[in-house]
Structures are given as structure tokens and as C-alpha cells.
Amino acid sequence: MKFSWKIITTAIVIIVVIVAVGYYYYTTTIPAPPKPPIKIGIHVPLTGAVAWTGDLQAKGAILAAEEINNAGGVLGRNITLVIEDDEYKPETGVSVVEKMITRDKVDIVCGGISSPVCLAVMDVCATYKIPYISVGPSSDAITDKYLSNPDKYKGYFRLTPLSTEAYGRSWVVWLKEIINEGLWVPHTKKYAILVENTDFGRTNGKAFDDYMKKEMEGWTQVSFEIVSSTESNFYEVLTKIKAADPSVLLTVQTSAASCAALTKQFLEKDIKALFLSVFVASQGVYKEITGATATGVIWNINDAFVPKLLVGQPAAVEFNEKFKKRWGVEAIPNAISQYQSIYLIKVAYEKAGSTDPEAFIKAMETIDYTYVDRYVFEPGHYPKWGIGYRESTIAQIWEGKDYPLWPAEYAAKLGYKFRLPPWLQK
Amino acid sequence: MIELNGVNIIYILEQLYNGVFYGAMFSLCAVGFSFIWGTMGILNFAHGAFYMLGAYFTWWIFSLLGISPIVSLLFAIGIIFLIGVGLEKVLISPLIGKHEWEEKALVITLGLSVIFENSVLLIAGAEWRGIPYYIEGQINLFGINFNFQQMAILIASILIMITFWALLKFTMIGKALRATAQNKEAASLYGINVKKVYLLTYGLSCSLIAIAGGLLAPILYIYPTVGGHPFLMSFVIVIIGGLGSLKGSIFSGFLVGVLRSIGIALFSATWADMILFIIMIIILAVKPTGLFGVKR
């Protein structure tokens with residue numbers, strides 16, 4: 001047979017077309033392997049004195065992850081949470097986070113309530129170059145650590161505003177307001193501070209002390225006592241404070257039962273001072289333990305979820321409703337913060353277009369995210385504090401319920417005013 | 001305010017009262033710890049766990065049956081006594097007389113402590129529990145508020161220690177216990193059943209600290225690791241007072257309480273426990289057997 005280039009060429013073309021069509025159908029009919037999930041490691045205390053708060057905080061994260069996955073995930077990938085108990089101890093926090101990074105291969109770490117745990121975990125995440133968002137820890141020592149080496153800790157972001165402002169300054173602003181409005185006349189210009197022996201306690205006690213000295217003319221600090229975080233016998237310390245006759249007693253504790261014991265013994269000692277509690281008296285478990293005896297206690301938290309809920313802010317109401325529906329309990333500030341942290345991660349990853357840590361960091365530094373709170377990060381990787389951003393709340397407990405007093409706009413909308421506590425009315 | 005040379009007398013008296021209250025509480029804790037050492041020669045590392053169990057059983061009975069906390073406490077003491085006797089019979093008694101039995105008993109009691117704490121954590125959870133004051137109300141005398149619960153605990157602690165002393169001093173059982181503590185071989189020769197003495201010793205010791213746990217529960221609350229501090233204080237007090245000396249435990253308990261209150265009054269709460277350990281170290285350096293202890 002004569003060699004024909006025409007036949008050979010035609011045969012080659014036909015073979016190529018058949019192979020190309022076959023390859024096309026072959027690759028399009030076999031489903032692409034699923035994209036691996038984005039793993040978020042969450043560390044919270046699930047045992048110990050703060051377990052109640054830690055458990056609800058974890059539930060906030062789970063709710064957010066479920067919603068995001070139901071809506072299609074992040075960059076086409078589902079979120080998987082790896083939740084571990086840090087026992088509120090730095091050594092346990094380090095151990096579980098290291099396990100999450102090395103064995104569970106998480107893409108990012110998030111969570112926490114304890115500042116010492118956060119300080120320890122920062123180093124673990126920095127070593128493995130994994131981004132870390134702390135949700136509950138509020139000590140300014142954390143930001144000091146970040147600022148001491150911003151390059152090493154560049155992957156770290158905190159969701160709580162600086163304590164000096166959120167706790168220290170807000171108390172002083174509020175005290176000045178109620179004195180100027182004539183709602184309270186202090187019988188002495190003295191204040192006492194009683195804090196737990198943790199970074200959270202000492203830092204916030206000092207912040208209050210610094211702002212009182214700076215902004216309250218003529219006022220003197222008469223006592224600065226530091227006690228164990230699980231202390232429940234305060235008789236000697238309260239006797240000492242009573243002898244100094246302050247008009248204000250600021251307490252900083254994280255254990256609700258310890259604060260409940262302090263409240264009870266404070267009332268027994270008949271100390272004629274305002275009882276100001278940083279954080280823990282805002283927790284439901286404190287009110288459960290103290291019952292009606294907490295009437296008149298004033299608390300402060302570096303969060304405005306409670307007043308926003310009360311004034312009917314749509315996002316706060318929506319979150320509380322879906323949290324209650326999912327878990328059967330009312331939401332707490334730590335839960336919404338943790339919930340928002342998962343959404344922040346989602347938004348940052350989508351903005352970055354990937355889960356690359358460097359791209360994530362750049363995205364977080366320029367993020368402007370609003371749900372219940374508005375998150376815009378300052379150069380120190382902490383959120384901007386103030387009205388319209390991350391706000392603080394001061395509220396008074398009266399017969400088992402919380403009455404927001406500050407920021408003033410929420411109190412005004414609700415018609416609440418400061419009331420003289422029962423022990424000062426005698 | 002009553003002043004003497006610029007010193008607020010009422011404040012000093014109130015701090016002394018706080019110190020005596022604290023001292024009474026921990027003397028009661030320490031007496032049982034010292035008693036076991038004196039009679040059996042073992043350090044009971046489960047001592048703090050029985051404090052915790054006393055508190056929890058009081059709470060459990062009160063919560064489940066809705067009866068008076070005082071009656072709940074009495075039932076709790078009975079249960080703890082039986083648990084103590086049972087543990088001694090099953091775990092410690094078989095070791096007695098064997099090679100290095102004191103060290104093995106120490107390790108067993110340490111293990112028991114961990115088992116009890118974790119069991120309670122699993123059953124009752126980590127949440128702090130509370131029970132109402134046994135006696136509500138307070139009285140103001142000379143500007144000092146005395147709450148009835150504290151006064152009741154103070155009086156009860158002192159009465160219990162007096163009763164325990166009287167038991168040891170004036171009853172046949174007490175004489176048997178003391179004889180065994182002094183020389184168990186001689187006691188045995190005199191017909192004293194040393195094994196039964198040990199059973200009673202362990203049961204009584206656990207009951208004493210369980211009473212402290214139940215009495216203090218309304219003030220200090222209840223949680224799985226609540227026994228840690230009382231155990232540590234018992235240890236320090238017994239070391240200061242002398243291992244095996246009941247008189248020493250009671251005296252040093254009150255001494256520790258008063259010095260702690262003075263430390264807080266003069267310095268700060270941060271110094272409170274530090275002062276105790278400084279005293280312990282000084283006493284051990286000067287008199288290693290403790291204030292009232294004797295060499296074994």
C-alpha cells in the first residue's frame with residue numbers, strides 16, 4: 001500500500017480528539033476530592049472555677065462554625081473546631097495548644113479567658129507561626145508582650161480592649177458622673193482595692209488606681225490587698241479595709257464563688273462603701289450564688305452585650321435568641337465574643353483569599369467588622385475602645401437583675417439611674 | 001473608735017477575734033492529722049480529702065433530704081467515720097508491721113486523696129456549692145459585728161477539742177489510744193487490741209476534719225479541691241506544734257491564726273501565708289521536733 005500522509009494525519013487527529021474528549025469526560029465525571037476543612041483550635045477552661053464561662057464561650061464558637069458551614073463554609077471549605085480544656089492554667093494551656101498545632105494541625109488558635117494562659121500560649125503560637133486570637137484575656141501585659149517584639153508576635157490579635165481604658169478609666173468616668181449629678185455623695189475621699197493574685201487582678205487594680213490618682217482630685221488609696229484567686233475567707237482583710245473607712249471598694253476577681261463569699265462577708269462587716277466588681281459579678285453564676293444579697297453591687301465588664309441586648313440592638317437580640325434556641329441558656333458576653341472571633345476569622349480569610357498566615361495578618365490589620373460590636377484593630381493588635389467600637393458596661397444588680405448605668409446613652413434609653421445600695425441607706 | 005496611744009483598739013480586737021476564729025478552725029483540722037501520726041506513725045495525705053468529703057456529704061444530705069444543715073452535718077460525720085474505718089481496715093491495716101509500711105501507707109493515702117477529689121469532680125462537677133448559714137444574724141458589740149455562724153463555729157470547735165481531750169484523758173478508750181501511741185508493743189502485752197485502736201484512730205481523725213469541712217462549708221463554700229488549703233495548714237500547724245502532740249497542734253493552731261491576722265493587719269494579705277512558712281522554718285531550725293514535740 002502506498003504511504004499516504006493524508007491518512008496518517010487524519011488518523012492522528014482522530015486519535016487526539018478521542019483522547020482529548022475522553023480525558024475531558026474522565027476528569028469532569030469524577031468528583032474533585034473535597035477540600036480539607038479549616039481547623040480552628042479553641043482553648044477554654046472547661047473545668048475549675050471558671051468552667052461555666054468557658055463552656056458557654058465554647059458554645060459560642062460551635063454556633064458560629066455551624067452557621068458558617070451551613071452557609072457554604074469559608075473559601076469553599078468547612079470549619080472544624082478542635083476544642084480543648086486549658087484548665088485555666090498556663091501549663092495546661094501550653095500543652096493543649098501545642099497538641100492542637102502539632103497533632104491536630106490547626107490553621108489558627110483562638111479562645112482563652114485567663115491572661116496568664118494567653119501569655120504562655122502566645123509563645124507557642126509564635127514558635128509555630130500560627131495566628132492566635134485571644135477572646136477573653138484582658139491584661140495589658142499581653143499587649144506589652146506583643147509590643148516588646150511585634151515581629152515575633154505578629155500573628156497575635158486580642159479581642160478585648162486595653163484594660164486600662166475598659167476597666168480603669170470607665171470606672172473613674174462613671175464615678176465622676178454620679179458625683180457631679182448629685183446621685184452619690186461619698187462620705188470620705190478614700191478608696192480601697194482588693195484583687196486576686198493574677199495578672200488580671202493586679203493589672204486592673206493598678207489601672208483603676210492610676211486613673212483615680214490622675215483624675216479624682218483629693219482622693220486617696222487606703223488599701224491595696226492581693227489575695228489568692230480561690231480565697232473565700234476575707235474577714236481579716238475586710239476588717240482592715242473597714243478600719244480605713246473608704247467610700248469605694250474595687251474588687252477584681254474571676255471566681256464567682258470567691259466574689260460571692262467576699263460580698264457576703266463585706267455585708268457582714270457593714271462597710272460603708274460602694275462595692276465595685278470587675279467582671280465576675282456580671283456573670284449569671286454569681287447572681288445564682290448570692291441571690292438577693294448582691295442587690296446594690298455594681299459591676300463592670302469590657303463588653304457592652306448586656307445593655308445592647310436590653311435596648312434591643314438587633315444583632316444582640318438575634319444572637320441571644322439563636323444561642324438560647326441552640327443551647328437552652330441565655331448568652332453571655334464571652335459567648336458573643338467567641339462567636340464573633342470565628343466570623344472575624346472567616347472574613348479575614350475571605351479578604352486574604354487564602355489561609356496563609358501572612359495574608360491573614362494583613363487582612364486582620366485592616367479589617368472593619370461589625371456584628372454586635374465593631375472591630376477595628378489598632379497598631380498594637382488590640383481593638384479600638386470607645387462608643388461605637390468595643391465598649392465597656394457598668395451595671396448595678398438589683399434584686400437579681402442587671403441595670404446598665406454606663407454608657408449613659410443605654411441607661412438613658414432604658415430609664416435606669418444609679419441607686420444607693422441598701423447597706424448605704426441604713 | 002477607742003484609741004490608745006494612737007492605736008485603734010477596736011480594730012486590734014477585731015483582728016484578734018478573726019485570728020482566734022481562724023486558729024480554732026485549723027486547730028480542729030490539725031488535731032486529727034497529729035492524732036494519726038502520734039498513734040499510728042503515718043502521715044495521712046488524704047487528710048484534706050476528708051475535709052472536702054465532710055463538706056460535700058453535708059451538702060448532699062442537705063440538698064437531697066432537705067433537712068437542717070446541722071443534722072446533715074451529723075449524718076455526714078457518721079458516714080465519714082465509717083469510710084475512714086473501712087479504708088483503714090482494707091488498705092492500711094494489711095500493711096502494718098511489714099517492711100517500710102509507713103512509707104507505703106503514705107503513698108496509699110496520697111492516692112486516696114487524688115481518687116476522692118477526682119471522683120467528686122466527676123459526680124458533682126467543678127461548680128462551687130454552698131449551704132445556708134446554720135445560724136443567721138449578727139450582733140454588734142463595741143463597734144464589731146459578730147456573726148452568729150462564726151461564733152457558733154468557734155464555740156463548736158473549742159467544745160469538740162475539749163471533748164476529744166476528755167475522751168483521751170478520762171475514758172478507757174482514750175487510755176488505750178494513748179497507751180498505743182506511747183508504745184504499741186507494750187499496749188498489746190497489756191491486752192489492748194492495737195488493730196482496733198488503729199481503726200478507731202483513723203475513723204476519729206477523718207471525722208474531726210470532716211466536722212471542720214461541714215462547719216466551714218457555709219462560709220468557705222464547697223468545691224473538689226477545697227481540702228488543699230486545710231491540709232497544708234494542718235501540716236504546717238502540726239510541724240510547728242510538734243508531730244504527735246495534741247497540745248502542740250491546738251496551741252500552734254491558735255498561734256498561726258493570730259499571727260496570720262496580725263500579718264494582714266500590719267502588712268497585707270500577701271504576707272499571710274508567707275509568715276506561717278517563715279515561722280515554720282525558724283521553729284524547725286531552732287527546735288526540729290516542734291514546740292511541744294518529743295523525739296520518737
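Analyst: Start with a term. Buried area is the accessible area, with a 1.4 Å probe, that two parts lose on being put together, summed over both. The model here is predicted. Between chain B and chain A the buried area is about 2400 Å². Carbon and sulfur atoms give 51% of that area.

User: Which three residues supply more than any other three of the area that chain B buries against chain A?

Analyst: They are B:W128, B:N145 and B:Y221. Together they supply 24% of what chain B buries against chain A.

User: How many residues of each chain are in contact?

Analyst: Contact takes heavy atoms within 4.5 Å. On that basis 27 residues of chain B touch 28 residues of chain A.

User: What makes the pair B:R260 and A:E236 a salt bridge?

Analyst: The cut-off is 4 Å, from a side-chain nitrogen of Lys or Arg to a carboxyl oxygen of Asp or Glu. The closest N and O atoms of B:R260 and A:E236 are 3.0 Å apart. That is within the cut-off, so the pair counts as a salt bridge.

User: What about B:R260 and A:E231: how far apart are the closest N and O atoms?

Analyst: They are 4.0 Å apart, and this pair also forms a salt bridge. B:R260 lies in helix α10 of chain B, while A:E231 sits in the loop between β7 (220-227) and α8 (235-244) of chain A, so the pair joins two chains.

User: How many salt bridges are there between chain B and chain A?

Analyst: The count is three. Over all chains, the whole structure has 28 salt bridges. Between chain B and chain A there are also 15 residue pairs in polar contact, both residues at pLDDT 80 or more.

User: Which elements give two or more residues to the side of chain B that touches chain A?

Analyst: They are α1 (9-40), β4 (144-147), α8 (194-220) and α10 (246-266) of chain B. The largest share, six residues, comes from α1(B). By class, this side of chain B has 15 nonpolar, ten polar and two charged residues.

User: Now chain A. Why are α12(A) and α13(A) called roughly perpendicular?

Analyst: Helix α12 (residues 314-327) and helix α13 (residues 333-352) of chain A pack at about 100 degrees, with their axes 11 Å apart. Angles of 65 to 115 degrees count as roughly perpendicular. The value falls in that range, so α12(A) is roughly perpendicular to α13(A).

User: Which residues make the contact?

Analyst: On α12(A) they are A:F319, A:K322 and A:F323. On α13(A) they are A:A335, A:I336 and A:Y339. Five are nonpolar, none is polar and one is charged.

User: Where is the peptide bond from A:W406 to A:P407 placed, and is it cis or trans?

Analyst: The bond is cis, with omega near 5 degrees. A:P407 is in the loop between β14 (401-406) and α15 (408-414) of chain A.

Methods
Residues numbered from 1 in each chain as written. Chains lettered and ligands numbered in written order. Predicted model: local features only at pLDDT ≥ 70, side-chain atom pairs only at ≥ 80, totals over all residues. Heavy atoms only, no water. Axes fitted to C-alpha atoms, helices over the stretch in contact; angles between N-to-C directions. Helix = DSSP H or I, 4+ residues; strand = E, 2+ residues; numbered from the N terminus. Parallel < 35°, antiparallel > 145°, perpendicular 65-115°, else oblique. Nonpolar A, V, L, I, M, F, W, Y, C, P; charged D, E, K, R; others polar. Polar contact = N/O pair within 3.5 Å; in protein donor to acceptor, adjacent residues only side chain to side chain.
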